[in-house]
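Here is a short report on one chain.

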Amino acid sequence: MQIWKRYRWRLILTGLGLLAAILFMTLGFWRTVLILACCGVGFFIGMQIDKGLHLPQWLHALLDKWS
């Protein structure tokens with residue numbers, strides 16, 4: 001457990017780098033970029049919900065800005 005505490009972010013980011021490399025090799029660049037973009041959008045929306053923002057109100061405000 002001491003190794004995890006000391007090298008946590010190195011291990012996490014190395015694992016993410018390995019996952020990204022596997023995705024690039026198997027799916028190709030643009031499909032991998034699409035997957036990462038979808039994950040980023042999901043992370044952002046989840047972060048907003050965690051902060052207490054109600055999703056329907058947020059989507060309505062977002063769509064009002066674009067129209």
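## Ground rules

A residue is buried under 20% relative accessible area, exposed over 50%, and partly exposed in between (1.4 Å probe, protein chains only). The areas come from the Shrake-Rupley method with a 1.4 Å probe, and for residues only the protein chains shown count as cover.

This is a predicted model: local features need pLDDT of at least 70, side-chain atom pairs count only at pLDDT 80 or more, and totals for chains, interfaces and linings use all residues. Residues are numbered from 1 along each chain as its sequence is written, and side-chain values use heavy atoms, with hydrogens and water left out.

## The nonpolar patch

Five names matter here: Phe 24, Met 25, Phe 29, Trp 30 and Val 33 make a nonpolar surface patch of about 610 Å². Patch members have over 30% relative accessible area and no salt bridge; like charges are joined within 9 Å, and nonpolar side chains (Val, Leu, Ile, Met, Phe, Trp, Tyr) within 5 Å. A salt bridge is a side-chain nitrogen of Lys or Arg within 4 Å of a carboxyl oxygen of Asp or Glu.

Which helices supply the patch? Helix 1 (2–27) and helix 2 (29–50) each give at least two residues. Helix 2 provides the largest share, three residues. Helices are DSSP runs (H or I, at least four residues), numbered from the N terminus.

## The aromatic cluster

Phe 24 sits in helix 1. Its relative accessibility is 36%, so Phe 24 is partly exposed. Phe 29 is partly exposed too, because its value is 46%. Trp 30 reaches 67% and therefore counts as exposed.

Rings of Phe, Tyr and Trp (its six-membered ring) pair if their centres lie within 6.5 Å; planes under 30 degrees apart are stacked, over 60 edge-to-face, and the rest tilted. By this rule there are two aromatic pairs. Phe 24 and Phe 29 are stacked, because their ring centres are 5.8 Å apart and their planes lie at 10°. Phe 29 and Trp 30 are edge-to-face, because their centres are 4.8 Å apart and their planes lie at 80°.

## Thr 32

Is Thr 32 buried or exposed? Thr 32 is buried, because its relative accessibility is 0%. Its place is in helix 2. A polar atom of the Thr 32 side chain lies 2.7 Å from the backbone oxygen of Gly 28.

Leaving aside neighbours within four places in sequence, Thr 32 is in contact (heavy atoms within 4.5 Å) with Leu 23, Phe 24 and Leu 27. Phe 24 also belongs to the nonpolar patch.

Leu 36 is in helix 2. Its relative accessibility of 46% makes Leu 36 partly exposed.

Arg 8 lies in helix 1. Arg 8 is partly exposed, at a relative accessible area of 38%. The C-alpha atoms of Arg 8 and Leu 59, 51 residues apart along the chain, are 35 Å apart.

Key. A polar contact is a pair of N or O atoms within 3.5 Å; within protein, one must be able to donate a hydrogen and the other to accept it, and residues adjacent in sequence count only if both atoms are side-chain atoms.
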